[in-house]
Amino acid sequence: MAIKVRFSKDYDFKPSSQSTVGYKAGWEGPVTQACADAAVAAKAAEVVSKDVEPAKAVKANG
């Protein structure tokens with residue numbers, strides 16, 4: 001399950017050294033536990049609820 005957070009400022013999460021996921025201030029939705037922990041620690045987000053359905057993967061056109 002994922003955790004739903006609300007970002008209070010723009011935040012870049014780096015799940016690996018080769019990727020970055022950017023979140024804009026005001027966005028609210030499900031993120032991984034690792035992302036939620038890092039964003040809350042950086043004071044960039046607050047937890048809205050726990051154990052929500054994870055976000056669906058978006059397939060790139062190609």
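Author: Rings of Phe, Tyr and Trp, the last by its six-membered ring, count as a pair if their centres lie within 6.5 Å. The model is a predicted one.

Reader: How many aromatic pairs does the structure hold?

Author: There are 4 aromatic pairs.

Reader: How are the rings of phenylalanine 7 and tyrosine 23 arranged?

Author: They are stacked, because their planes are at 10 degrees and planes under 30 degrees apart count as stacked. The ring centres are 4.6 Å apart. This pair links distant parts of the chain, with phenylalanine 7 in strand β1 and tyrosine 23 in strand β3, 16 residues apart.

Reader: Phenylalanine 7, buried or exposed?

Author: Phenylalanine 7 is buried, at 2% relative accessibility. Tyrosine 23 is also buried, with a relative accessible area of 15%.

Reader: And what about phenylalanine 7 and tryptophan 27?

Author: Those two form a tilted pair, 6.1 Å centre to centre with 40 degrees between the planes. Tryptophan 27 sits in the loop between β3 and β4 and phenylalanine 7 in strand β1, so the pair ties together parts 20 residues apart in sequence. Tryptophan 27 is partly exposed, at 36% relative accessibility.

Reader: Which residues form the aromatic cluster?

Author: Phe7, Tyr11, Tyr23 and Trp27 form one cluster.

Reader: Different topic. What is the phi of lysine 43?

Author: Near 60 degrees, a positive value in a residue other than glycine. Most residues other than glycine have a negative phi.

Reader: Where is lysine 43 found?

Author: Lysine 43 is in the loop between α1 and β5. Lysine 43 is exposed, because its relative accessible area is 65% and exposed means over 50%.

Conventions: Residues numbered from 1 in each chain as written. Predicted model: local features only at pLDDT ≥ 70, side-chain atom pairs only at ≥ 80, totals over all residues. Heavy atoms only, no water. Helix = DSSP H or I, 4+ residues; strand = E, 2+ residues; numbered from the N terminus. Buried < 20%, exposed > 50% of the residue type's maximum accessible area, 1.4 Å probe, protein only. Phe/Tyr/Trp six-rings, centres within 6.5 Å; stacked < 30°, edge-to-face > 60°.
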